[in-house]
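Open the structure and keep the sequence beside it. The walk below goes from ring pairs to strands, and then to the cores.

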Amino acid sequence: MACSSCGTKKTQTGQVQGCQNNGSCGTSGCNKVNQFDWLSHLEIPDPTPFPFVEVKFKGGRKGYYRNEQGIDLQIGDYVVVEALRGYHIGMVSLRGELVRLQMKKLKLNTQDANLTEIWRMAQARDMEKFAESRRRELPTLYRSRQVVIELNLNMKISDVEFQADGTKATFYYSADHRVDFRELIKCLGMEFRVRIEMRQINVRQESARIGGIGSCGRELCCSTWLADLKNIEPIIARYQNLSINAQKVTGQCGRLKCCLNYELDTYLDALHDIPQVPNEELTTGLGIARLQKTDIFKKILWFSYQFEGDGDWYPLTAEQVTQALQWQKEGLIIPSLQADEWGLLENAVSNKNESGLNQKKEKSLNRNTRRQTDSQEYE
């Protein structure tokens with residue numbers, strides 16, 4: 001899907017007008033960490049537009065800027081925004097009341113003086129200079145990696161972003177330990193003649209900036225729509241009965257996949273009806289049976305015997321396993337893993353319960369009779 005500025009009219013070279021991605025905006029295009037303005041078709045009681053817009057930059061980085069000049073901005077427009085010691089160019093990704101909700105969610109104060117403003121709409125000369133700065137990024141990335149190797153620094157530079165005015169370059173790097181890169185900044189500044197900023201990111205943020213294709217065949221969630229990178233614990237995979245195989249449960253960042261969180265709540269709700277088998281073993285008349293597999297949604301537990309010669313798996317429902325564990329606490333043992341053979345045991349348990357109930361009734365009647373006799377003798 002292309003952005004709102006893309007059109008169907010092509011130029012003489014076959015390029016689609018708009019963001020120049022031929023209508024297929026991908027990881028490096030305008031659909032990265034995109035948001036749908038679900039308030040755009042509603043009538044707002046206050047006709048005054050919200051004086052802030054959301055502007056998106058390279059790598060999905062977003063910022064909120066004042067629109068005090070009242071410029072008529074649409075999603076997909078490129079604007080010149082104020083930056084430290086210069087200006088930068090970004091694309092408007094959100095406007096209107098939804099920006100107010102986003103700023104409230106991020107706890108950004110509209111009266112904060114650090115929130116800079118939009119200067120103007122990007123003109124042709126601004127876009128030409130911006131494109132020239134973007135063309136410098138890839139050669140700068142390769143050369144900076146060579147300098148890191150020459151200085152023998154234990155760090156990895158994953159991306160470079162030039163400011164639109166060409167006066168500043170931000171280097172995104174990842175490292176396991178603290179790195180003294182003062183000499184690196186000096187070398188890069190002398191070679192590229194720009195102000196250098198080093199910004200450390202973790203491996204998940206690095207994967208989100210670079211992008212890629214996941215095992216599902218689609219673009220990475222972190223580089224397209226996922227904004228909050230939450231921690232993924234190994235126990236989440238155990239809740240879902242996933243094999244702890246590093247090649248299957250880890251993403252391109254080397255960490256556990258973010259999609260493990262998507263169905264976690266559903267699994268936790270279904271696990272309430274699954275009984276906990278102590279030591280994953282069930283005592284039967286034929287021997288010890290061990291739990292091999294649990295089908296959480298069908299509520300079926302599969303057991304197998306431990307002795308040789310029987311490699312079959314026997315299914316038991318969650319209710320049957322709960323009943324077997326209850327009998328085991330009472331000192332009774334199920335004859336086998338075949339629930340059809342539990343009839344005699346059920347009859348014995350029911351008879352035992354009935355005899356126990358009859359004994360309680362007899363004791364209660366005897367107590368009442370003694371009380372009546374005692375009261376008559378007292379009178």
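Seven aromatic pairs are counted in this model, which is a predicted one. A ring pair is described by two values, the distance of the centres and the angle of the planes. Take F50 and F52 to begin with. Their centres are 5.6 Å apart, with 40° between the planes, and the pair is tilted. Both F50 and F52 are buried. Now go to Y305 and Y314. Here the centres also lie 5.6 Å apart. The planes of Y305 and Y314 stand at 65°, over the 60 degrees needed, so this pair counts as edge-to-face. Y305 and Y314 are buried too. One more ring deserves a look. The charged end of R209 sits over the ring of Y172, at 3.8 Å from the ring centre.

Step back to the whole chain. It has 379 residues, and 36% of them are buried. Eleven helices and twelve strands make up its list of elements. Among contacts with a separation of 6 or more, 57% join residues 24 or more positions apart.

Return to F52, which belongs to strand 1. How many residues of strand 1 are buried? Five of the five are, so this strand is largely enclosed by the rest of the structure. In a regular strand, side chains alternate between the two faces of the sheet. Strand 1 can be read that way: F52, E54 and K56 point to one side, while V53 and V55 point to the other. Burial holds for both sets.

What does strand 1 pair with? One partner is strand 2, which runs antiparallel to strand 1 and is joined to it by five bridges. F52 faces R66 across this pairing.

What covers them? After helix 1 comes K107, with a positive phi near 60°.

Now move along the chain to another sheet. It is open, has three strands in the order 6-7-8, and its pairing is mixed. Strand 6 and strand 8 are the edges, each pairing on one side only. From one strand to the next, the twist averages 25°. Strand 6 and strand 7 run antiparallel and share six bridges. Across them, D159 stands opposite Y172, the residue whose ring lies under the charged end of R209.

Helix 4 lies across strand 7 and strand 8, at about 140° to strand 8.

The largest nonpolar core has 19 residues, and M155, I157, F171, Y173, L184, L188 and M198 touch the most other members. At least two residues each come from helix 3 (137-150), strand 6 (156-162), strand 7 (168-174), helix 4 (182-192) and strand 8 (195-200).

Which residues does it contact, leaving aside neighbours within four places in sequence? They are M155, K156, I157, S158, F181, M198, R199, Q200 and I201.

Finish with S174, also in strand 7. Is S174 buried or exposed? Its relative accessible area is 10%. The cut-off for burial is under 20%, so S174 is buried. Beyond four places in sequence, S174 is in contact with M155, K156, I201 and E206. S174 and R199 are 25 residues apart in sequence, yet their C-alpha atoms are 8.6 Å apart in space.

Definitions and conventions. Residues are numbered from 1 along each chain as its sequence is written. This is a predicted model: local features need pLDDT of at least 70, side-chain atom pairs count only at pLDDT 80 or more; totals for chains, interfaces and linings use all residues. Side-chain values use heavy atoms; hydrogens and water are left out. A nonpolar core is a set of buried Ala, Val, Leu, Ile, Met, Phe, Trp, Tyr and Cys residues joined through side-chain atoms within 4.5 Å. Buried means under 20% relative accessible area, exposed over 50%, partly exposed in between (1.4 Å probe, protein chains only). Helices (H or I, at least four residues) and strands (E, at least two) are DSSP runs, numbered from the N terminus. Contact means heavy atoms within 4.5 Å. Two strands pair if DSSP finds at least two bridges between them. Axes are lines fitted to C-alpha atoms, for helices over the stretch in contact, and angles run from 0 to 180 degrees between N-to-C directions. Rings of Phe, Tyr and Trp (its six-membered ring) pair if their centres lie within 6.5 Å; planes under 30 degrees apart count as stacked, over 60 as edge-to-face and the rest as tilted. A charge sits over a ring if NZ of Lys or CZ of Arg is within 6 Å of the ring centre and within 35 degrees of the ring normal.
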